[in-house]
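Subject: Structure handover

Hello,

Here is the structure for your files. My notes on what was found in it follow below.

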Amino acid sequence: MSSFEQFNLPKSLQKALDELKFVTPTPIQEKSFNVIMSGRDVMGIAQTGTGKTFAYLLPLLKQYKFVNTYNPRIMILVPTRELVVQVVDEVEKLTEFMSVRTLGIYGGVNINTQKNQVYQGIDVLVGTPGRVMDLALDGVLSLQEVTKLVIDEFDEMLNLGFRTQITSILSMLKTKRQNILFSATMTDEVDEMLNDYFDFPEEVTLAKSGTPLEKIEQLSYHVPNFNTKVNLLKHLLRTDESLERILIFVNNKKIADMLHDKIDAEFPDQFGIIHSNKSQNYRLLTMASFQRGEIKGIITSDVMARGLDISGITHVINFEMAEIPEQYIHRIGRTGRADASGTAISFIAPREEDIKIEAEVLMELEIPILEIPAEVEISTQLIGPEKEKQKVKHLLKKPKISSGEAFHEKAEKNKKVNLGGPSKTKKKTGTSVNRNILKARAAKKKKK
C-alpha cells in the first residue's frame with residue numbers, strides 16, 4: 001500500500017501531513033508528483049474532489065528553498081474568491097513547520113489593504129486573475145521572480161471570461177519558469193492556450209473529460225415548472241431522512257433568492273444562500289456554518305460548483321439543470337468525495353430535457369427518471385420568466401390557413417376589375433358613435 005513516505009518529503013512537510021492524519025496519496029497525487037518534480041510543464045486532467053491541490057503543492061513545497069526576496073516565486077491562479085481562501089488554508093496547513101509567507105488576493109475587498117500585504121513580502125501568492133493583474137499593472141506586485149506558475153480550474157477561468165487577464169499575466173512572467181495547469185475538462189480553448197504558452201507539457205490524466213464519479217448515484221424527476229419543483233423539494237426534505245447535508249444548485253441569483261424565501265418559510269434557518277451578490281464575508285460565514293453542521297444546506301449558483309472542498313455532502317440537488325453539460329459534472333462532484341458515496345438529484349423542466357441528454361451523452365450514462373410522488377401538488381401557477389417564455393412561444397405560433405382557403409381568397413380578389421374613377425372603398429366606421437356622426441353630417445348637408 002502506497003503512502004506519502006514514498007515521496008521522501010522534508011521532515012517539516014511530512015510532519016504537517018502526519019498532523020493532518022493524511023497517510024495515503026490519492027491517484028492524481030501519485031501520478032503527478034514525479035512529473036512536477038522533473039520541472040517540466042504539466043497538464044493535469046482530473047475530476048473535482050480528487051486531491052488536485054495537494055497534487056501540485058507537495059512537489060512544489062518539497063523543492064521550496066528560502067530566498068531573501070519580497071516577491072512571490074510560486075504563484076497559484078484560481079477562478080473564485082472562495083477558492084483563494086481554501087487554497088491559502090491548504091498551503092498554511094502544509095507549511096505549519098516551514099518558513100513560508102503566503103498571501104491570498106481577490107477582488108471585492110479594499111485593494112489598498114492588499115497592497116500593504118504585498119509590501120510585507122510573499123513567497124507563495126494565491127489569487128484570482130483580475131486582482132493579480134490589477135496589482136501587477138499598478139507596479140505593486142512584481143511577477144518577474146515567479147519560477148512556478150499553477151493555473152487551477154483552468155477551464156472554469158475561461159468560462160468566466162478570464163482569458164484576457166490570464167494572457168496578460170503570462171506576458172508579465174519571465175520565460176524560464178515551470179507551468180502547471182489543472183483542468184477538469186479538456187476543451188478546444190484549453191488546448192489552444194496550451195499550444196500558445198506551454199512548452200511541450202506532459203499530460204497527467206486521471207479520468208477522461210466528462211466521466212462521472214462512480215460513487216455518485218444519479219437520479220432525476222421530470223417537473224413542469226418552478227412551483228412544482230418547490231413542492232417536490234419540500235416533500236423530499238420532509239420525507240427523506242438521508243438528506244442530511246445538501247447543496248441545491250440554481251442558474252441565477254434571482255431564482256436563488258426566490259427559492260430560499262420559499263424553503264426558509266417552511267424550514268427556517270436550515271438553509272444558507274450563496275451567490276455573487278452576497279458579500280465575501282457573508283459567503284465565507286455561510287460556508288463555515290455549513291461545514292460545522294449548523295445549517296442543513298446551501299442554495300447556490302455555480303459559484304460553489306468548482307473546487308470547494310466541503311466535507312460530508314450527502315446530496316446535490318440540481319433545482320435547475322446546469323446550462324452546459326460539463327458544469328453538471330462539476331456540480332455533482334461536490335458529493336461522493338474521497339471514499340464517500342453520494343446522491344445527485346436533478347429536477348428537469350421541459351426546456352431542460354435537451355441539456356440532460358447532452359450531459360448523458362458526455363458521461364455515456366443514462367440518468368434514471370423517477371415518478372413524482374402522488375403527494376406532491378402539480379402547480380399550474382407560473383413565475384415571471386416562465387410566463388415570458390410562454391408568451392413568446394404563443395406569439396411565434398402562426399395561424400393555420402389551408403392552401404385552399406388562401407387560394408380562393410386571392411382568386412376572389414383577382415376577379416375585381418379596376419374601371420378607373422374615384423375609389424369606392426368604404427371607410428370602416430367601427431362603432432355606432434361613428435355612424436351617428438356620419439348621419440348628423442348628412443342631415444346638415446340636406447339643410448344647406
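The aromatic pairs in this predicted model come to seven, counting rings whose centres lie within 6.5 Å. One of them is Phe7 with Phe33: the ring centres are 4.0 Å apart and the planes meet at 5°, so this pair counts as stacked. Because Phe7 belongs to the segment before H1 and Phe33 to helix H2, the pair ties together parts 26 residues apart in sequence. Phe7 is buried, at 5% relative accessible area, and Phe33 is buried too, at 3%.

Elsewhere, Tyr221, Phe226, Phe319 and Phe347 make up one aromatic cluster. The charged end of Lys229 sits over the ring of Phe319, 5.7 Å from its centre. For Arg101, the charged end sits over the ring of Tyr70, at 6.0 Å from the centre.

Lys229 is also touched by Ala349, as are Val223 and Pro224, leaving aside residues up to four places away in sequence. Ala349 is in the loop between strand S13 (342-348) and helix H14 (353-363). With a relative accessible area of 7%, Ala349 is buried.

On the nonpolar side, the largest core has 37 residues, and those touching the most other members include Tyr56, Leu58, Leu94 and Ile180. Helix H3 (52-63), helix H4 (81-94) and strand S6 (178-183) are among the elements that each supply at least two residues. H3 gives the most, with seven. Another core, of 32 residues, lies apart from this one and includes Ile122, Met157, Leu170 and Val190.

Regards

Note on methods: Residues numbered from 1 in each chain as written. Predicted model: local features only at pLDDT ≥ 70, side-chain atom pairs only at ≥ 80, totals over all residues. Heavy atoms only, no water. Helix = DSSP H or I, 4+ residues; strand = E, 2+ residues; numbered from the N terminus. Buried < 20%, exposed > 50% of the residue type's maximum accessible area, 1.4 Å probe, protein only. Contact = heavy atoms within 4.5 Å. Core = buried A, V, L, I, M, F, W, Y, C linked by side-chain atoms within 4.5 Å. Phe/Tyr/Trp six-rings, centres within 6.5 Å; stacked < 30°, edge-to-face > 60°. Lys NZ or Arg CZ within 6 Å of the ring centre and 35° of its normal.
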